[in-house]
Amino acid sequence: EGMTVVELAKRTGSSVRSLQEIMASVGEKVGSEFDPITIDVAELVSTEVGVNVKRLHSEEGAILKPRPPVVTVMGHVDHGKTSLLDALRKTAVAAKEAGGITQHLGAFVVSMPSGASITFLDTPGHAAFTAMRARGAAVTDIVTLVVAADDGVMPQTLEAMSHAKEANVPVVVAINKCDKPGADPERVRIQLGSEGLPLEDLGGDVQVVEISALTGTGLDKLEEALLLQAELMDLKARVDGPAQAYVVEARVDRGRGPLVTAIVKSGTLSVGQYIVVGAEWGRIRAIRDTLGRATELAGPAIPVEIEGMKGLPMAGDDITVVGSEERARMLSQGRRKKLEQGRLERMSQENQEICAEEGDDTDEAPQRVELPVIVKGDVQGTVQAVADSLRSLNSPQLFVNIVHVGVGPISQSDVDMAQACNACIVGFNIRSLPSPISTSAKKANIKIFLHRVIYHLLEEIGKLIVERAPGTA
Ligand code: GDP
């Protein structure tokens with residue numbers, strides 16, 4: 001919309017000429033450098049020159065409407081994040097009307113009697129939050145920090161606080177388990193205050209609510225607090241025009257193919273549109289709300305399930321609407337090429353590290369724990385993505401060694417290989433495990449993880465690492 005090649009050259013730090021060459025190579029008409037080019041062409045071209053020009057879209061002059069807040073629940077393990085999400089999901093008024101059956105889509109909406117609503121991301125924990133952030137998806141507006149009243153502030157409480165602070169996302173504290181005999185909410189307040197969280201009671205602006213996820217006490221207060229926080233933030237979004245959205249979760253359904261839970265940031269998605277999602281593309285065949293009802297359109301901050309992707313994207317990937325199938329294909333191709341390049345670079349770097357390690361025989365060097373992993377999955381794109389996210393766990397203390405990557409079901413030869421190199425097996429988007437394989441894996445004491453959601457996988461692998469090598473994760 002109005003951006004010229006000259007402007008794009010300035011933004012990407014490339015020459016007008018090189019941009020025009022790229023335009024020609026993808027079949028775009030090349031006119032004067034002062035001719036306006038569309039956003040998707042601009043993005044396509046900038047992707048090609050290796051610059052991520054996001055937010056090209058100008059929100060100037062657009063009509064903004066209030067939107068619900070998107071909330072993530074964080075806190076220390078066992079402090080009640082899952083229980084809180086379960087309890088909140090049950091208060092979703094509409095869900096009750098529909099018979100209380102909600103599918104797990106990675107997000108749900110609580111509608112208040114006042115007409116206001118709150119969108120909760122249904123993946124507790126920090127892995128989800130950081131993974132989304134790492135991909136540039138600033139989806140969360142507010143963090144609900146769960147702290148157990150009987151346990152108080154713990155390491156992951158502090159971690160959550162710093163994640164929220166870094167991301168510049170306000171916190172609402174939920175002191176949970178207030179039903180317990182040993183509950184001491186006052187102590188939690190003092191602890192949080194002394195950790196530098198400016199609580200309301202102490203003259204700050206961070207609200208604190210006492211709740212019990214178990215009995216449901218205080219959930220209404222929490223919802224009110226979240227809405228109040230949202231009001232203070234004056235959350236608004238452009239409703240008209242092309243959508244900018246993010247993937248919250250992606251999975252494959254046997255009959256319907258890849259399914260993506262998306263949250264629109266601005267604009268409106270509609271059935272029939274071509275979209276590019278991360279390095280994948282598709283045409284929206286159907287949109288469903290979190291209760292499974294078909295709809296034609298999806299507006300800001302309301303999670304929806306999208307059907308029609310050609311491949312499986314990853315959580316945190318951005319969704320861009322493009323004008324045609326050709327555009328969609330080209331853009332996804334460009335991105336895929338870039339991903340592949342990055343992957344090759346990381347792999348060669350990793351190989352160098354391994355070689356360096358092998359040459360180093362001194363006992364004094366701190367031991368780097370190795371976790372050999374075999375990755376199997378439904379399609380090539382997925383297994384690569386899974387392998388990449390596992391590699392991202394690497395640190396000076398930990399080496400996730402992907403010994404084998406393959407497409408298809410987990411077989412006896414995978415189990416044999418796992419036994420030979422003391423590896424665990426990860427099956428992503430794999431329907432089931434044949435019982436003979438499961439039996440022989442058990443016999444050989446080989447861990448097999450079957451997952452459809454990358455966070456769940458990473459969390460479980462994280463646990464395994466802690467088990468095998470305390471102190472590395
Ligand atoms: P998460 O690890 O943070 O997701 O914690 P969970 O939701 O799995 O809860 C950990 C344990 O605390 C479970 O046994 C829950 O039943 C229990 N729990 C969670 N919330 C409450 C609560 O409000 N009151 C009591 N008494 N127990 C709770």
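Colleague: Why is Asp289 called buried?

Modeller: Asp289 has a relative accessible area of 15%. Buried means under 20%, exposed over 50%, and partly exposed in between, using a 1.4 Å probe and protein chains only. So 15% puts Asp289 in the buried class.

Colleague: What kind of model is this?

Modeller: This is a predicted model, with residues numbered from 1 along each chain as its sequence is written; local features need pLDDT of at least 70, side-chain atom pairs count only at pLDDT 80 or more, and totals for chains, interfaces and linings use all residues. Side-chain values use heavy atoms, with hydrogens and water left out.

Colleague: What makes Asp289 and Arg293 a salt bridge?

Modeller: Their side chains meet at 2.8 Å, N to O. The rule asks for a side-chain nitrogen of Lys or Arg within 4 Å of a carboxyl oxygen of Asp or Glu. The pair therefore qualifies. Arg293 is partly exposed, because its relative accessible area is 49%.

Colleague: How many salt bridges does the rule give?

Modeller: The count is 20. Another of them joins the side chains of Arg89 and Asp122, at 3.0 Å from N to O. Arg89 sits in helix α4 (residues 81–91). Asp122 sits in the loop between β6 (117–121) and α6 (126–134), 33 residues apart from Arg89.

Colleague: Are Arg89 and Asp122 buried or partly exposed?

Modeller: Arg89 is at 21%, so it is partly exposed. Asp122 is at 6%, so it is buried.

Colleague: How do you know that the span of α9 agrees with expectation?

Modeller: The expected span is 1.5 Å times one less than the number of residues. Helix α9 (residues 219–233) has 15 residues, so it should span 21 Å, and its end C-alpha atoms are 21 Å apart. Its buried residues include Leu222, Glu223, Leu226 and Gln229. Asp234 follows α9 with a positive phi, near 55 degrees.

Colleague: What makes a set of residues a nonpolar core?

Modeller: The members are buried Ala, Val, Leu, Ile, Met, Phe, Trp, Tyr and Cys residues, joined through side-chain atoms within 4.5 Å. The largest such core has 53 residues. Leu269, Ile275, Val373, Leu390 and Ile461 have the most contacts inside it. Helix α14 (residues 454–468) gives the most to this core, with seven residues. A second, separate core of 25 residues includes Val73, Leu84, Ile118 and Ile142.

Colleague: Which residues does Val373 contact, leaving aside neighbours within four places in sequence?

Modeller: Contact means heavy atoms within 4.5 Å. Val373 meets that with Leu390, Val400, Ile402 and Val426, among others.

Colleague: Why is Asn429 counted as buried?

Modeller: Its relative accessibility is 7%, so it falls under the 20% limit. Asn429 lies in the loop between β22 (424–428) and α13 (435–443). Its side chain makes a polar contact with the side chain of Arg452, at 3.4 Å. That term needs a pair of N or O atoms within 3.5 Å; within protein, one must be able to donate a hydrogen and the other to accept it, and residues adjacent in sequence count only if both atoms are side-chain atoms.

Colleague: Why is Ala160 called buried?

Modeller: Its relative accessible area is 1%, so the label holds. Ala160 is found in helix α7 (residues 155–166). Not counting residues up to four places away, Ala160 touches Met74, Gly75, His126 and Leu145.

Colleague: What share of the protein's residues count as buried?

Modeller: Of 473 residues, 51%.

Technical notes
Helices (H or I, at least four residues) and strands (E, at least two) are DSSP runs, numbered from the N terminus.
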